[in-house]
Amino acid sequence: MLDRLYQYYLLARLHRPIGTLLLLWPTLWALWLAAEGFPDPLVLAVFVAGVVLMRSAGCVINDYADREFDPHVKRTRERPIASGKVSPREALALFAVLCLIAFALVLLMNPLTIKLAFVGAALAAIYPFTKRFTHLPQLVLGAAFGWGIPMAFAAQTGELPRLAWLLFLVNILWATAYDTQYAMVDRDDDLKIGVKSTAILFGEADRLIIAMLQLLVLLGLGLVGSMAQLGLYYYLGLAVAAALALYQQYLIRGREREGCFRAFLNNNWFGGAVFAGLVLDYLNRSFAG
């Protein structure tokens with residue numbers, strides 16, 4: 001029994017929190033912006049728990065979708081389904097349980113948030129299959145990872161302002177940049193087995209396009225700051241994020257697997273820098289007021 005639970009733990013990728021953090025940061029950005037400071041404690045608790053549950057559910061359905069591919073990829077061949085330690089039927093059951101728990105939490109929120117939750121669940125379920133049909137699955141991932149943004153605004157304010165959709169778009173661009181870095185790690189294997197990605201689509205222009213996406217993200221976050229009338233601390237956070245983006249370009253300069261993976265992981269600090277700037281700015285505003 002304990003070994004079975006451990007395999008589920010591995011399948012849900014709870015031992016690798018980077019995906020949870022990349023989903024959490026934009027959700028926290030949205031909550032702080034929607035509340036113009038510290039959000040409602042119940043809303044915050046529901047969304048943090050929801051991020052963990054839905055990221056875990058996304059990993060499970062991803063491995064189910066990739067069960068024929070993962071055994072042929074060096075990085076994924078030991079995953080629970082690929083190695084035969086968890087059956088596809090068990091994976092579907094675990095996915096359903098995680099989604100149901102997340103939905104039970106959403107029921108504590110207002111009707112608009114509940115309606116938006118169905119879209120989020122659909123995006124999480126669809127994403128893993130898109131890599132078979134399009135070279136742009138990273139865009140779908142960005143939408144899935146960013147759907148917590150409109151949900152956060154809906155839960156906190158009951159509305160979906162333009163700021164929410166701007167932040168959602170920014171997150172799609174950011175996710176496309178960092179997941180392209182991630183896809184660069186598996187590019188050779190993906191070409192052999194027929195999996196599509198932006199890393200394959202961009203080819204030799206990958207570093208340039210990632211740089212352009214990062215620039216658009218920073219410009220978009222700057223516009224978010226202008227619309228939300230944020231101050232110095234927020235823009236200092238963006239400056240740190242810009243420095244981290246430059247560092248990521250350095251890491252992927254040779255397109256080596258290890259460097260690309262380190263660049264992907266570094267995006268956790270990028271998201272954290274933006275959030276730290278937000279928090280400090282709102283704290284400074286509350287003290288000044």
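Which residues are buried in α7?

Tutor: The model is a predicted one, in which local features need pLDDT of at least 70 and side-chain atom pairs count only at pLDDT 80 or more, while totals for chains, interfaces and linings use all residues. Residues are numbered from 1 along each chain as its sequence is written, and side-chain values use heavy atoms, with hydrogens and water left out.

The buried residues of α7 are G148, I149, P150, M151, A152, F153, A154 and A155. Here buried means under 20% relative accessible area, exposed means over 50%, and partly exposed lies in between (1.4 Å probe, protein chains only). Helix α7 spans residues 148-157, and eight of its ten residues are buried, so this helix is largely enclosed by the rest of the structure. The helix label follows DSSP: helices are runs of H or I of at least four residues, strands are runs of E of at least two, and both are numbered from the N terminus.

After α7 comes G158, which has a positive phi near 80 degrees.

D63 is buried, with a relative accessible area of 0%. A salt bridge is a side-chain nitrogen of Lys or Arg within 4 Å of a carboxyl oxygen of Asp or Glu. D63 forms such a pair with R13, with 2.8 Å between the closest N and O atoms. R13, like D63, is buried.

D63 also meets R79 in a salt bridge, at 3.3 Å from N to O. Because D63 lies in helix α3 and R79 in the loop between α3 and α4 (88-106), this pair ties together parts that are 16 residues apart in sequence. R79 is buried too, at a relative accessible area of 12%.

L105 is in helix α4 and, at a relative accessible area of 23%, is partly exposed. Leaving aside residues up to four places away in sequence, L105 touches V46, A49, G50 and L53. Its C-alpha atom is separated by 32 Å from that of R285, 180 residues away along the chain. L21 is found in helix α2 and counts as partly exposed at 26% relative accessibility. Between L21 and A245 there are 17 Å from C-alpha to C-alpha, for 224 residues in sequence.

D206 lies in helix α11 (residues 206-227) and R255 in the loop between α12 (232-251) and α13 (257-288), so the pair ties together parts that are 49 residues apart in sequence. D206 is buried, at 0% relative accessible area, whereas R255 is partly exposed, at 28%. Salt bridges with shared partners connect R187, E204, D206 and R255 in one network. A search of the whole structure finds seven salt bridges.

The wider chain gives the setting. It has 13 helices and zero strands. For its 289 residues a compact globule would have a radius of gyration near 19 Å, and the chain has 19 Å, which agrees; the radius is taken over C-alpha atoms, and the globule rule is 2.2 Å times the number of residues to the power 0.38. Along the principal axes, the C-alpha atoms fill a box of roughly 60 × 45 × 30 Å. Buried residues account for 54% of the 289 residues. Of the contacts between residues at least 6 apart in sequence, 76% join residues at least 24 apart. The chain exposes about 13300 Å², of which carbon and sulfur atoms supply 67%; such areas come from the Shrake-Rupley method with a 1.4 Å probe, and for residues only the protein chains shown count as cover.

Notes. Contact means heavy atoms within 4.5 Å.
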